[in-house]
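Dear colleague,

I am handing over the structure below, and after it you will find what came out of going through it. Please read the definitions along with the values.

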Amino acid sequence: MIRNQVEHVSQRFKSNVTTCFSSVAKVQDCQSGISMELFLHLSLVPALLIVGVLSFLQKRAQRLAIDHRLPFLGGRFAIVVPLDTIGSLSNRWSYGFAFGAVSSSVLLLFSDQYIPFTVPPWARSIVYLVGALEVGLVYLPFFACLSTPFRAAGAVLGILYSLSWIIVTVWDTFTCPDGKMLGKYQKLIIQLPCILSLIFLLGRFVYILVKAVRIHLQVQQEDPEELTEQHQVQHVKRLLRKTPAHSQPRSWFRSKVYEWDPYFKFPNRIIGTAIISLIGLYTMTLADYSLSNVAFDKVDGWKDTLKQLVTACNQTEHLGAMIPQLEEFIYVARKSWLATTIFASLNSVAYCFHVLACYRKHLQRLWKGQKGFIPEKFHNIRSAVSVASIARYSGWQIAFTLWGYLIVHFVHFLFALLLVYVLVLPIQHGRTLTMVTNLGIILLTISLVIALVILQIVLVQIFFLQDKMSPTDKDKPLALNNRKAFHCFNYFFFFYNVVMGISNCILRLLCSIVVGTWLVSRIDRSIMQRGYENMDAGYSTWIGMIFADHYHSNPVMMCFCQLLVSNSQEKHTASAYSTFSNMPSESPVNARRRWMLFYTLLRNPHLILLRKHHLSSSSSLHAPSPPQPDTVVQARVMAFKTQSRQAESQSPPEIIVTPAQDC
């Protein structure tokens, strides 16, 4: 009888499991009349047409061999650049939202519905590569219409293309909105960032078209194309401005959280990466929440089936005693996972904004010539590695952010389980006294260890250091006192420090694991120890990227180049991607000679009075014109300061101590 009941329950268990997995695998069909996968494939045709039109409108800067064979082309069909990821700062947010519109279609690459035919496993990587190229071509018109110099044509084509995508996406969303995971508004919740990004792009293209029409009607003046932006000019002016003696005190938010700098702008690469990271976190959080509910529901079903199996069998007392504990664990795990989902999401969002703040801080330090925050081995990074880091950064930052969310979420989940089982459940079960006793023992042990460490420092400070050399000194000098007593002190504490070192070694390992997993998404900070930073590929990419931005977008350099171009006699109509090929106003030999003369007179001011025009003017008999008194006095003062400075600089030779290399 018992065997028949067990067989019946086991068959029922298998059928429930099969039904559960089939319900998860089965997707509810919804006949909306539009397939987004098919629309993505068909959009390749208008995308190529738009790119072809924009390429026809542009002319190449250099003539090729095909222009001689086909002269009627007139140098047309130039390369269409989607966006400038290095120097351009225009349409930054528009490019960011264009990347946001791409995010939904990128997820289609990993679905089975994207591949309309059967592909062997070894060829899937090639199919994914072709799919990535297809997605890039489909969304290329959004970027090309923003970056094209033909504003009116790009705006019209962008309006038509974005409007078609908005209509199809909204129709597919509202005709089939429901789903098994998030309820009746599942598709609307998932597609909301994509729809908002497309609407923003539509508004941006309308603004560009209106501005182009106003410029054509001469109602509005066209913005001059210069190498420098206005914020870069203001930044250089701020550097040349005298620093006030008493600055206004900063607020707590500006000093601790974030201080806005009006003379700094993030490039479009950084803005686009931040927007895609936030949209990816939004999608990842929704998927995490929905899949966790499904997983815990399945575990509840298996628990109910196991409970029925225990009830049917009379000889499973030990297994029956585990059912309440299993129910309690499932309940605690479900609530802990839901709570830590919120904290992990907020933590990852804060990291996205913190990376922006670190980018600005690191770049401004490089502008000042400060490299102390960078490991010494990265001070002279290779040019090829630095430029390649620009191409890698965006993808790696997004991947690090998403993977970091999952890892940090799991770490938060473990800490939440530990907190509940150590503090909450003992109080609910009436074991408060036992819990307090155990915690007291643990805290007392840790307190004694810390107290003994502090005691050693206090004893050394009082008995084994010499007195201060001056009453105004903050600390005592690093000079031993009472050497015999210190040797006895060192001997007796040696045995205790061995025992304490074992526990500190374990504590060091645990802290490294926790901090490393906590900061795994922080690409701006290395999680490796000092001397091993080159093993952190993410941090190496970050360093190479900020060095490339430093060399290509330094405001002082850009303003200097703008002055050279604006003061040249011949002004060539060069694009933003051409080099500075303007001829100087005078020969390089004369310019070099003048710089050398200026440097020589600056270092030797007494030679100013010995120049030719001063000597000739002072010795002239006809129409005497002595030198200006102010010039003579200024030259003598400069010479006196130079001589005094050279006298002060004569000091004993400095002993240079080379620091030890890291092992």
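This is a predicted model: local features need pLDDT of at least 70, side-chain atom pairs count only at pLDDT 80 or more; totals for chains, interfaces and linings use all residues.

A cavity here is, on a 1 Å grid over the protein atoms alone, a set of points where a 1.4 Å probe fits but cannot get out, with lining residues having an atom within 4 Å of a point; grid points are joined across faces, edges and corners, and a volume is the space filled by probe spheres set on the points.

Residues are numbered from 1 along each chain as its sequence is written, and side-chain values use heavy atoms, with hydrogens and water left out.

The lining of the largest cavity includes I270, C352, Y393 and Q397. Helices α12 (268-312), α13 (317-367) and α14 (383-428) each supply at least two of its residues, and the largest share, four residues, comes from α12. The protein has 21 helices and zero strands, where helices (H or I, at least four residues) and strands (E, at least two) are DSSP runs numbered from the N terminus.

V458, placed in helix α15 (residues 432-463), is partly exposed because its relative accessible area is 38%.

Best regards

Key
Buried means under 20% relative accessible area, exposed over 50%, partly exposed in between (1.4 Å probe, protein chains only). On a 1 Å grid over the protein atoms alone, a cavity is a set of points where a 1.4 Å probe fits but cannot get out, and a pocket is an open set with protein on both sides within 12 Å along at least five of seven lines; lining residues have an atom within 4 Å of a point.
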